[in-house]
Amino acid sequence: MTTTTEARHGGPAPAGVPLVSVEHVGRTYGTGSAAVHALQDVSFTIAPGELVALVGRSGSGKTTLLNIIGGLDKPDAGRVVVDGREVSSLDEGGLVELRRDVVSFVFQTFGLVPVLSAAENVGVPLRLRKLPTADREARVELLLDLVGLGAHAQQRPGEMSGGQQQRVAIARALANSPRLLVADEPTGQLDTETGTAVMALLRAVVEAEGMTAIVSTHDPLMMSLADRVLRIADGRLVEG
Ligand SMILES: Nc1ncnc2c1ncn2[C@@H]1O[C@H](COP(=O)(O)OP(=O)(O)OP(=O)(O)O)[C@@H](O)[C@H]1O
Ligand SMILES: [Mg+2]
């Protein structure tokens, strides 16, 4: 039972090995009569390069599941393996590495630093990796061009539209070339037209960067752009 847990050191995943493996995961909030079974016995895998849409009603467990996959929260039962690392049993140091080297998040509320320009926000993960300044600036420029914001590099989040802010957040998430992009309702705060553009951008960058992504959404368009739809209801996987 060690085939998916052996750490690999760079290079593409061997054929047939999933990038994400969620195995019998359970998560309960609270105890006794107040217990909420947010996830129960959830199992699935995601192949390298796949874009998977995670759908389900409000309260079905999408955010809980994404947080566990990305190492922001721990399951009470089961385990999660991402890119050969058993996320559910990493210590604090392992989680820091995971978020620096393997997984990036995009949130519904963008999560940009208000006092930093678009370029500085995108550059944050590169500073954490101590990339030389010239290399960092070149990569930031490339990323902002990729999301169509080359001309907005010096604007702060408060000076940009919601769709532009989310594109900055996507550029930031791509900065360290993560293996896995986790996006929790990335278009939840955007109007339909802007949301559609952000979806199409996500689809395109996943392909261009050879990434894998799991995106929770209520949007039928995102479902149609995904390679596969996982549906959860009351904490259980019902399709996928
Ligand atoms: N920190 C918490 N403490 C207690 N219960 C929680 C907590 N976070 C989530 N829950 C409960 O767990 C269940 C799943 O919540 P979750 O946020 O994962 O749903 P969701 O599918 O992301 O919903 P939405 O579409 O509204 O974002 C819900 O019943 C919720 O009330
Ligand atoms: Mg949620």
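In what order do the six strands of the open sheet stand? In this predicted model, the order is β6-β7-β8-β3-β9-β10, and the pairing is mixed.

## The six-stranded sheet

The edges of the six-stranded sheet are β6 (103-106) and β10 (236-239). Each has a single partner strand, so one side of β6 and one side of β10 are left without a neighbour in the sheet. Direction ignored, neighbouring strands of this sheet are turned by 25 degrees against each other on average.

Within the sheet, strand β3 (residues 51-55) runs parallel to strand β9 (residues 228-233), and four bridges join the two. One residue pair here is Ala-53 with Val-229, its bridge partner in β9.

## The β9-β10 hairpin

Strand β9 also pairs with β10, in the antiparallel sense and over three bridges. Arg-231 has Glu-239 in β10 as its bridge partner. The hairpin of β9 and β10 has two residues between the strands, and Asp-234 takes a positive phi near 50 degrees in this hairpin.

Which residues come nearest to ligand 1? Of the 13 residues around the ligand, these are Ser-58, Gly-59, Lys-62, Thr-63 and Thr-64. By class, the shell divides into three nonpolar, seven polar and three charged residues.

A polar side-chain atom of Lys-62 lies 2.7 Å from an oxygen atom of ligand 1. For Thr-63, an N or O atom in the side chain is 2.8 Å from a ligand oxygen atom. At Ser-60 the backbone is involved: one of its polar backbone atoms is 3.3 Å from an oxygen atom of ligand 1. On its own, ligand 1 has 640 Å² of accessible area, and the protein covers 59% of this.

## The four-stranded sheet

Strand β2 belongs to an open sheet of four strands, ordered β2-β1-β4-β5, with antiparallel pairing. Here β2 and β5 (85-86) stand at the edges. Because each of them has a single partner strand, one side of each is left without a neighbour in the sheet.

Strand β1 (residues 20-29) and β4 run antiparallel and are joined by five bridges. In this pair, Ser-21 stands opposite Val-81 in β4. Strand β4 (residues 77-82) also pairs with β5, in the antiparallel sense and over two bridges. Val-82 has Arg-85 as its bridge partner in β5. Between the strands of the β4-β5 hairpin there are two residues, and Asp-83 takes a positive phi near 50 degrees in this hairpin.

Conventions: Residues are numbered from 1 along each chain as its sequence is written. Chains are lettered from A and ligands numbered from 1 in the order in which they are written. This is a predicted model: local features need pLDDT of at least 70, side-chain atom pairs count only at pLDDT 80 or more; totals for chains, interfaces and linings use all residues. Side-chain values use heavy atoms; hydrogens and water are left out. Two strands pair if DSSP finds at least two bridges between them. Axes are lines fitted to C-alpha atoms, for helices over the stretch in contact, and angles run from 0 to 180 degrees between N-to-C directions. A residue is near a molecule or strand if one of its heavy atoms lies within 4 Å of it. A polar contact is a pair of N or O atoms within 3.5 Å; within protein, one must be able to donate a hydrogen and the other to accept it, and residues adjacent in sequence count only if both atoms are side-chain atoms. Accessible areas come from the Shrake-Rupley method with a 1.4 Å probe; for residues, only the protein chains shown count as cover. Ala, Val, Leu, Ile, Met, Phe, Trp, Tyr, Cys and Pro count as nonpolar, Asp, Glu, Lys and Arg as charged, and the others, Gly among them, as polar.
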